[in-house]
Structures are given as structure tokens and as C-alpha cells.
Number of protein chains: 2
Amino acid sequence: MIDPKALFSLSYGLYIISTQHEGNMNGQIINAMMQLTAEPICIAICLHKDNYTTELIGKSGLFSASVLDSEVTMPFIGNFGFRTGRNFDKFANCKEWVTGENGVPKVTGSCIAAVEAKVISVTDVYTHRVFVGEVTLAEQISEGKPLTYADYHIIKKGKSPANAPSSVFNALRKDRD
Amino acid sequence: MIDPKALFSLSYGLYIISTQHEGNMNGQIINAMMQLTAEPICIAICLHKDNYTTELIGKSGLFSASVLDSEVTMPFIGNFGFRTGRNFDKFANCKEWVTGENGVPKVTGSCIAAVEAKVISVTDVYTHRVFVGEVTLAEQISEGKPLTYADYHIIKKGKSPANAPSSVFNALRKDRD
């Protein structure tokens, strides 16, 4: 017996993953990110195979990850979270980003920390792709608190990106609109 | 420049990973676990290569993951978290567990949910090993709140397992003893 609601109890933060390849930039919101090792620092991120960000990271082998602040606004999240970047320039609409040392965009607004990473391993898992990135730069941006996925749902009544791993479960939530 | 404290802002829960191979059972505490896919449900867990639990999962290809309750006591965590199971029977000391449908021990005490999984992919990342497990059973155990890694450190002043990915960072913490 599989009760998908059992997976609701896993804890996450919320992050903006950004990348670029040959001038095409994109970014998206994820919750599925974790640190794997400390020496050197490596992290894993999980994105839907069909996402534009996934396609661009696959080509460039580079990404940045920005940790969203608990004070972030829904419009700020919405710019990265609720639409595809295939026909919309998310970075034209977001003013608070810089080009990282690894050459990819890195969101600094409404974020408390950011890392830049180089992909060292790729694993496909059914509908999704796991990228392991070795961190080449890590910085604190502000003293704020990280936004948790639980707070995002409960306090902000946010929507879930359609291709998030937990989208099926979120469809069960009464507060989804 | 890599500021390791930037990684402190990532959010996690705390979980007990359990397994057995040929009658040898063991379990350990981790924070590095996340859901990857929804159909079917797959999760990733990250353990230090040298850990006994890692060795046993490598042999059995099976594990369970229990989500710790925010009300868990430090002695309960300590049984699984602060010693190796190579010469100590953690499951003799913990009474609140069952044998899962997949044949591995599954901790039910002080946990709000649990899953059983079969390993479908293994990726080594420097000092650690990432197991991707396809979930074969998932159940809610209680209505409690999950223990977050942040609460574990800040409220409970807990110790970090020596082989946790973030152990280097925890060594910097003043509350580590």
C-alpha cells in the first residue's frame, strides 16, 4: 500500500536553479535540492526531464542555485515558477541577478545565499533527472531565514509547478487553486 | 570563494534509514533525503561510503526511511545517530520497530511516516553514496509535525553524526559538544 500523503512529511527549502547555454538563459523553482558531500562540496538537484532549465543544464553542464528568503513575495516566485522560459525571458523580468563566475545567471534578490556548480554526474529517474553539481562558489547574501516548502504551502498558499515531483500530491491539497 | 556557511541555509528533515542483509540489521540518522518522482514514487538518500548502513544497503538493495517526529527525544535519536552498528545492536535497544513488507526493519516509534524502498540506482560522489529507491510502501504513522534539521540544531542542540555531509560545517558551530 502506498499512501502518497506519507511523503508530505519530508522537509525541503525552495530554490531558484538558473543556467544558460549559448546566450539562452533560464531558471526555475525547485524544492528537491540537498547537499551530498562537504569536501569538496557537492549538491544534488532534481528537475523534470521536459523542463527548459533541464535542457540547458544538460548542454552547459553548469548551474547556480539561490536559496529563497522567507520574506520573498509570490510575484517574485511566480516569475520563475509558474511559466516556461521557452518563450518568455524570465531574467528580463527579474532585475536582481548577476552573472556568476561560472558564466550562468545567479538570482540574488529575495535570496539569502547562492552557490555556483559544475555538473559531475547525471542520473535519470523515470520522469526526472538528477544533476550532481560540484560547488565552485558559495556565498551568503543576507541574514534572512530560508523559505521552507512547508511555509510556502501553508502560509503563502502557493501553487506548485506542474512538473514538480510532488505535483500529484499537491493536486490533492484543498488549498491548491 | 566558497563560504561553507552558505550551505547552512538549505532546509532538511531528519530521517532514520534502516536495512538488513542476511540477518544483520542496522539503521542510522540522515538529513539528506528527498523525493525525486511522483509516478512511480522514488526518493534519493545520501550516506557516507564508510557507514555500516551503506554497506548493508549495498548488499540487500533494500531500505526503509522513517520521518522523525518533532517531539522525538535526544536519547531516541542517539541510539541511531551517535554510534556505529558494527558492534552494537541498535534494534535490540529500540523497541518501536517492525519488519517491513520488503523484509527490512522499519522504525515506527517517534516517527510520523515511513516508506519502504528498493534501490534502483547507486551513484558515488566523493566521500558519499547516493541511493535512489523506488518506494514500494508508504504510510502515515501519526499526525505529528516532522522534525526539521534546523530545529534539531537550534532547539535541541543536537550533535551531528561524524559522517554527515554537513559535519565539517557543524564543527564550526559553537553549540557542538
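Which residue of chain A comes closest to the rotation axis? Let me start there, with the reminder that what we are looking at is a predicted model. The residue is A:Tyr12, whose C-alpha lies 2.7 Å from the axis. The axis itself comes from superposing chain A on chain B, which takes a rotation of 180 degrees with 0.0 Å of shift along the axis and leaves an RMSD of 0.0 Å. The two copies are therefore related as by a two-fold rotation axis. The same surface also serves both copies, in that 100% of the contact residues of chain A recur in chain B.

Now to the interface. On chain A there are 54 residues in contact with 54 residues of chain B, and the area buried between the two chains is about 4400 Å², with carbon and sulfur atoms giving 67% of that area.

Sorted by class, the side of chain A that touches chain B has 36 nonpolar residues, 13 polar ones and five charged ones.

Let me move on to the backbone, beginning with the cis peptide bonds. In chain A, such a bond joins A:Glu39 and A:Pro40, with omega at about -5 degrees, and A:Pro40 lies in the loop between β3 and β4 of chain A. In chain B, the peptide bond from B:Glu39 to B:Pro40 is cis, with omega near 0 degrees, and B:Pro40 is found in the loop between β3 and β4 of chain B.

Then there are two residues of chain B to look at for their phi values. B:Glu22, although not a glycine, has a positive phi of about 50 degrees; this residue lies in the loop between β1 (15-21) and β2 (24-30) of chain B, and because its relative accessibility is 70%, B:Glu22 counts as exposed. B:Tyr126, also a residue other than glycine, has a positive phi near 50 degrees and sits in the loop between β8 and β9 of chain B. With a relative accessibility of 42%, B:Tyr126 counts as partly exposed.

Key
Residues are numbered from 1 along each chain as its sequence is written. Chains are lettered from A and ligands numbered from 1 in the order in which they are written. This is a predicted model: local features need pLDDT of at least 70, side-chain atom pairs count only at pLDDT 80 or more; totals for chains, interfaces and linings use all residues. Side-chain values use heavy atoms; hydrogens and water are left out. Copies are superposed by least squares on the C-alpha atoms of residues with pLDDT of at least 70 in both. Contact means heavy atoms within 4.5 Å. Buried area is the accessible area (1.4 Å probe) that two parts lose on being put together, summed over both. Ala, Val, Leu, Ile, Met, Phe, Trp, Tyr, Cys and Pro count as nonpolar, Asp, Glu, Lys and Arg as charged, and the others, Gly among them, as polar. Helices (H or I, at least four residues) and strands (E, at least two) are DSSP runs, numbered from the N terminus. Buried means under 20% relative accessible area, exposed over 50%, partly exposed in between (1.4 Å probe, protein chains only).
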